[in-house]
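Here is a short report on the structure shown below. It covers the fold, the ligand shell and the model's confidence.

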Amino acid sequence: MSDVIAALVHASEKAAKIARACRLEESLFGLLIEEKKEGEKNKKFVTDFKTLADVLVQEVIKHDVGKQLLTFMALSTTYGEKIHVKVCETEQETAKLLSKVLDGNMEAAEVLARSAHQNIVIPDLDTGKIDIPQDRLGVWVDPIDSTFQYIKGISDSKPNNNIYSHGLQCVTILIGVYDLHSGTPIMGVLNQPFAVQDPETQRWSGQYYWGISYGTTNVCSLRPHSKNRDVSSESNSVPAPHHLKKGSAADLEEEHFSAVLSTGETVCVKTLLKGACGDNIHYAAGAGYKSLCVVLGFVDVYVFSEDTTFKWDCCSPHAILKSLGGGMADLRECLRRRQDGNLEDCSELVYNAPVQDAKGADRWANKGGLVAYRSRKHLDAVLNLLSGISV
Ligand code: 2IP
Ligand code: CA
Ligand code: CA
């Protein structure tokens, strides 16, 4: 499986380059924004955009990963007729095609085509031998999560306890692989294309994280448990991945917990969590970024009680969290089970079942909300706290 995860990391790195290239040039960026079709609109934002960058990144991932793993490509979104973008056999052909979308702007088209065809060298991930039948695998991709922050492009936001509430740091590229039969997440790559900005050149560099959780094998690019630490030494070219046995996550002896929430969270949930976490409550943009804050141990949980996250937002971080001994639970389903007296079983998000009677993107919404966690103890603390909310 090391070739599969390597292909995913490679694709995410290329995608990150494209995302950075598109942002670099303001005039080019203006050209790249197109408004979403009515049916695809994320309920939360009146003006939600899809960008050419979004489409191109998705096409690059499809092209590159599909080459190796043709059997399991099943992408999250299908884009409308408005934008015809495809990665062709040669850079020249791709540039020609892109220039049509870019109103004949050949210079911009060439820059983008170059990033789409660039070969990137990634270090050996050393995952060890894991046999996963490839015909069981499905993929969820969010080519750019936190589109709103990507378009706004704020570069000078300051972190609070390592967490950026807004800004380009909240943009992520999410590639998750799941078991088509059981719906459980198996591997994830989470790329943060705008992680660090060089104060002199103003150029951004990114970071990526990955994890595999299959059967009793858990391996990831991060250490199992740590809090509020400097992550720069743990991403990208990590010296050696950490292999975990299932259920071996350290048991934290903590009564209090910290949480990251969406600004769009309900007043009721915000108030309850504020009561429990006090100052250890944070707000941040991006479902992928908030999950990353849990992955990195900046907070213990990410709680969201609404239904505006989707399978492509969660599959990748869920796989990484699982490889660290945590997970992503369906909040409402867990609360329902508790109300029925079942305190043991928690219901994890699954990725193969659409929401009954829903249409368009809403078919793949996480209807019951979610709790992303690294330790079961923290999930239980959240469920106890929210046990009174209506489900
Ligand atoms: C969005 C994006 C938003 C998030 C929303 C996602 O994805 O991550 O930031 O809302 O749930 O669906 P919030 O920031 O309030 O958590 P996209 O940018 O891909 O539409
Ligand atoms: Ca998203
Ligand atoms: Ca997106």
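## Overall build

How many helices and strands are there in the protein? The count is 11 helices and 13 strands. This is a predicted model, with an ipTM of 0.94 and a pTM of 0.87.

The protein has 391 residues, and 46% of them are buried. Contacts with a sequence separation of 6 or more are 71% between residues 24 or more positions apart.

## Around ligand 1

The shell around ligand 1 holds 18 residues. Nearest to the ligand are Thr-147, Ser-262, Ala-285, Gly-286 and Ala-287.

Which elements each supply at least two residues of this shell? Strand 3, spanning 137–145, is one contributor, and helix 6, spanning 147–152, is another. By class, nine shell residues are polar, five are charged and four are nonpolar.

## Confidence

The average pLDDT of the protein is 83. A score of at least 70 is reached by 80% of the residues.

Where does pLDDT stay under 50? One such stretch is residues 70–81. The model still gives this stretch 23 contacts beyond four places in sequence. Another is residues 244–254, with 21 contacts beyond four places in sequence. Where pLDDT is low, predicted coordinates should not be read in detail.

Notes: Residues are numbered from 1 along each chain as its sequence is written. Chains are lettered from A and ligands numbered from 1 in the order in which they are written. This is a predicted model: local features need pLDDT of at least 70, side-chain atom pairs count only at pLDDT 80 or more; totals for chains, interfaces and linings use all residues. A residue is near a molecule or strand if its C-beta atom, placed from the backbone, lies within 6 Å of it. Helices (H or I, at least four residues) and strands (E, at least two) are DSSP runs, numbered from the N terminus. Ala, Val, Leu, Ile, Met, Phe, Trp, Tyr, Cys and Pro count as nonpolar, Asp, Glu, Lys and Arg as charged, and the others, Gly among them, as polar. A residue is buried if 20 or more other C-beta atoms lie within 10 Å of its own, exposed if 12 or fewer, and partly exposed in between; C-beta atoms are placed from the backbone. Two residues are in contact if their C-beta atoms, placed from the backbone, lie within 7 Å. pLDDT is the predictor's confidence in each residue, from 0 to 100.
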